[in-house]
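Please read the following note with the structure open beside it. The points run from the chain as a whole to single residues.

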Amino acid sequence: MRELAERHGERTALVCGERRWSYRELDRRADRLAAGLLALGLVPGERVVVQLPNIAEFFAVCFACFRLGLIPVLALPGHRRAEIGAFCEVAEASAYVIADRHEGYDYRNLAREVLALAPSLRHVIVAGEAAEFTSLDSLYAEPRALPDPDAGVIALLQLSGGSTGTPKLIPRTHDDYLYSVRASVDICRFDADTAFLAALPVAHNFPLSSPGTLGTLHAGGRIVLLPRPDPAAAFALIAAESVTHVALVPALLLVWLEAVRGQRPTLDSLRLVQVGGASLAPEVARRVRPTFGCTLQQVFGMAEGLVNYTRLDDDEAVVMETQGRPISPGDEIRIVDDEDLDLPECETGHLLTRGPYTIRGYWRADEYNRLAFTGDGFYRTGDLVRRRPDGNLQVMGRAKDQINRAGEKIAAEEVERYLLSHPQVRNAALVSIPDAWLGERSCAFVELAGTATEPPARLALDLKLHLRDRCGLAIHKIPDRFEFVDHLPLTAPGKVAKQQLRLMAGATKRSTS
Ligand code: J2J
């Protein structure tokens, strides 16, 4: 950031509503905020849960943390008490940074609930009206000379999509993360003329680093922050700011494609639409160029590391039908069967990967790491892929117990655990069902304890309220549909037969949403 400020000075680094911060301004804010955080008593190595929407302060806070050696845990605006409480607990966080309110939700109320659960939390810092907490603006202080953090230490903790009952944190170091950003900038050809629209939540790994907002800064371009992914607002901002690049998940792309039909916006400035995070159907991919008049790039990445891109000069067929190839020649790819044996070319199997920017283990999770990584350090992605002779990967499915709802990952086990905490639930299983708009929706199969006295719709509502209010679960994790069954089907070793449940979900007409 210091080098960027020297090189680009008064050029605009980011646009947030009426506010425009230059590179110099962002650098100065990072310095002054780092001094303020230090004055609060926060010291290098401590963790700070950062839960901010797409606002300029996100970048001031992150760069201040990087400068001071504090480790931000990048939470998403949709997370609630269950998730934030777990992040604070796992990371033993000392501080929690929020906006006062966003999209009608008051994060200060959430902070009050989290404070009661997290004994390690010493500070709540608020962008906006602080109430009884510390105001972010009050922290800007006279800059202090600080030693440069070591490039090999943890820069940030990303969140894993996960498949287990408790969230896993992903330690990314300055050197590994920046390497992936720099290499992505080259592949995606971001430059000083890039105006990147941050339409997805900025904390997510994709819009942050592939090449995303950090890549835009690295290239000397301009970040344009979209406060909420409303297509009309996005189109207006694209026209007003001459946006050139945007990263979308397939579900959002579909909404935009439909909205363009109705609104006929001016999108002449767009040069590249990147789509990733979930499977993109070739027939949807084929609508991008005619609708937006620009190039499509498929991105298959993961917060744990490995990112694959189709290249900008790839044949049309490669871009429509594959999820591209790795960033780095140092990325190792293995495609294996259930026994970890390498499969012949073109066969579908489990994707294992190891490389210069892929983690070797989750944060403080030794036991789980023995399952999630091979003995020689390959990360088990849980994705089922095949590799074509031209080297491009195709994502064929998933072995991990996860639902990918509009690009947001839901660990089935986590939701099942909370369902089981309801006194009327004896057993529960969460599965994905196909959805034309979201890609996948979630369906909970529930076995009740005793006979039901209420109609299914009433029970479903009870369970939804239980998950939202009692458990404090993020809204996107609340099952879209409930099915009540006498017994969950089991496989031979006594595990719930999820494949059978998926088929049942497809077949049942009577459902309770
Ligand atoms: C199918 N599934 C995909 C794709 C990710 C860039 C882009 C995306 C992410 C991301 C990211 C997919 N087709 N194109 O971090 O830097 C599913 C896979 C994968 C999981 C990772 C980035 N792109 N996926 O989505 O950590 O199942 O990262 O393992 O949120 O999303 O999710 P996440």
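How much of the chain over residues 3-363 is helix, how much is strand, and how far apart are the end C-alpha atoms?

1. The model is a predicted one. Over residues 3-363 the chain is 35% helix and 24% strand. An unreviewed UniProt entry assigns residues 3-363 the feature "domain: AMP-dependent synthetase/ligase".

2. Taken as a whole, the chain contains 17 helices and 27 strands. Along the principal axes, its C-alpha atoms fill a box of roughly 65 × 55 × 55 Å.

3. Of the 513 residues, 49% count as buried. Among contacts with a separation of 6 or more, 67% are between residues 24 or more positions apart.

4. The ligand is surrounded by 23 residues, and the closest are Asn205, Phe206, Gly276, Gly301 and Ala303. By class, this shell has 8 nonpolar, 12 polar and 3 charged residues.

5. Which elements supply at least two residues each to the shell around the ligand? They are helix 7 (205-209), strand 16 (295-302), strand 21 (379-387) and strand 22 (393-398). Strand 16 gives the largest share, with 5 residues.

6. The peptide bond between Ser210 and Pro211 is cis, with omega at about -25°. Pro211 lies in the loop between helix 7 and helix 8 (212-219). Helix 7 is also one of the elements that supply at least two residues of the ligand shell.

7. Cys346 is not a glycine, yet its phi is positive, at about 75°. Cys346 sits in the loop that runs between strand 19 (332-336) and strand 20 (349-354). Is Cys346 buried or exposed? With 11 other C-beta atoms within 10 Å, Cys346 is exposed, because a residue counts as exposed at 12 or fewer.

8. Ala406 likewise is not a glycine and has a positive phi, of about 55°. Its place is the loop between strand 23 (402-405) and strand 24 (408-411). Ala406 has 19 other C-beta atoms within 10 Å and is partly exposed, because a residue is buried only if 20 or more lie within that distance.

Terms used:
Residues are numbered from 1 along each chain as its sequence is written. This is a predicted model: local features need pLDDT of at least 70, side-chain atom pairs count only at pLDDT 80 or more; totals for chains, interfaces and linings use all residues. Helices (H or I, at least four residues) and strands (E, at least two) are DSSP runs, numbered from the N terminus. Two residues are in contact if their C-beta atoms, placed from the backbone, lie within 7 Å. UniProt positions are given in the numbering used here, feature names are shortened, and annotations may be inferred rather than shown by experiment. A residue is near a molecule or strand if its C-beta atom, placed from the backbone, lies within 6 Å of it. Ala, Val, Leu, Ile, Met, Phe, Trp, Tyr, Cys and Pro count as nonpolar, Asp, Glu, Lys and Arg as charged, and the others, Gly among them, as polar.
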